[in-house]
Amino acid sequence: MGVRRRAAVLGKPIGHSLSPVIHNAGYAAAGLAGWSYTRIECSESELPGLVAGLGPEWAGLSVTMPG
C-alpha cells in the first residue's frame with residue numbers, strides 16, 4: 001500500500017464547501033489513490049489546537065471563512 005495523505009478545508013460553517021468534491025476528483029485524475037480531502041468544522045479559536053494535533057499523514061489545509 002502506498003503512502004496515505006490527507007488534506008482538508010477548515011471553516012465554520014463548512015458543510016456547504018465543494019472543495020472536497022473538487023480536490024478528490026483532482027486526486028483521482030492525477031492517480032493519487034492514497035490521497036483524501038475533507039471538510040473540518042473549525043473556528044478561529046480552535047485552529048491552533050487542531051493544527052497541533054495533526055499527524056504526519058497531513059499534507060495541507062485550506063482555510064476559508066472566518067479564518
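What percentage of the 67 residues in the chain do buried residues make up? The share is 22%, where buried means under 20% relative accessible area, exposed over 50%, and partly exposed in between (1.4 Å probe, protein chains only). The model is predicted: local features need pLDDT of at least 70, side-chain atom pairs count only at pLDDT 80 or more, and totals for chains, interfaces and linings use all residues. Residues are numbered from 1 along each chain as its sequence is written, and side-chain values use heavy atoms, with hydrogens and water left out.

The secondary structure of the chain consists of two helices and three strands; helices (H or I, at least four residues) and strands (E, at least two) are DSSP runs, numbered from the N terminus. Read from the N terminus on, the elements follow the pattern β-α-β-α-β. The C-alpha trace spans about 35 × 25 × 10 Å along its principal axes. The accessible surface of the chain is about 4,300 Å², and 61% of that surface belongs to carbon and sulfur atoms; accessible areas come from the Shrake-Rupley method with a 1.4 Å probe, and for residues only the protein chains shown count as cover. Of the contacts (heavy atoms within 4.5 Å) between residues at least 6 apart in sequence, 74% join residues at least 24 apart.

The three strands form an open sheet with the order β2-β1-β3 and parallel pairing. Its edge strands are β2 (35-41) and β3 (58-63), each of which pairs on one side only; two strands pair if DSSP finds at least two bridges between them. Neighbouring strands of the sheet are turned against each other by 20 degrees on average, direction ignored. Strand β1 (residues 5-11) runs parallel to β2 and is joined to it by seven bridges. Within this pairing, Val9 has Arg39 of β2 as its bridge partner, and Leu10 has Ile40.

Strand β1 is largely enclosed by the rest of the structure, because five of its seven residues are buried. Ala7 is found in this strand and counts as buried because its relative accessibility is 6%. Not counting residues up to four places away in sequence, Ala7 touches Tyr27, Ser36, Tyr37, Thr38, Trp58 and Gly60. The C-alpha atoms of Ala7 and Trp35 are separated by 7.8 Å, although the two residues are 28 residues apart along the chain.

Ser17 belongs to the loop between β1 and α1. Its relative accessibility is 9%, so Ser17 counts as buried. With residues up to four places away in sequence not counted, Ser17 touches Val9 and Arg39, a pair that also forms a bridge between β1 and β2.

Helix α1 lies across β1 and β2 and runs at about 170 degrees to β2; axes are lines fitted to C-alpha atoms, for helices over the stretch in contact, and angles run from 0 to 180 degrees between N-to-C directions. Val21 lies in this helix (residues 19-29) and counts as exposed because its relative accessibility is 55%. Together with Leu18 and Ile22, Val21 makes a nonpolar surface patch of about 320 Å². Patches are made of residues with over 30% relative accessible area and no salt bridge, like charges being joined within 9 Å and nonpolar side chains (Val, Leu, Ile, Met, Phe, Trp, Tyr) within 5 Å; a salt bridge is a side-chain nitrogen of Lys or Arg within 4 Å of a carboxyl oxygen of Asp or Glu.
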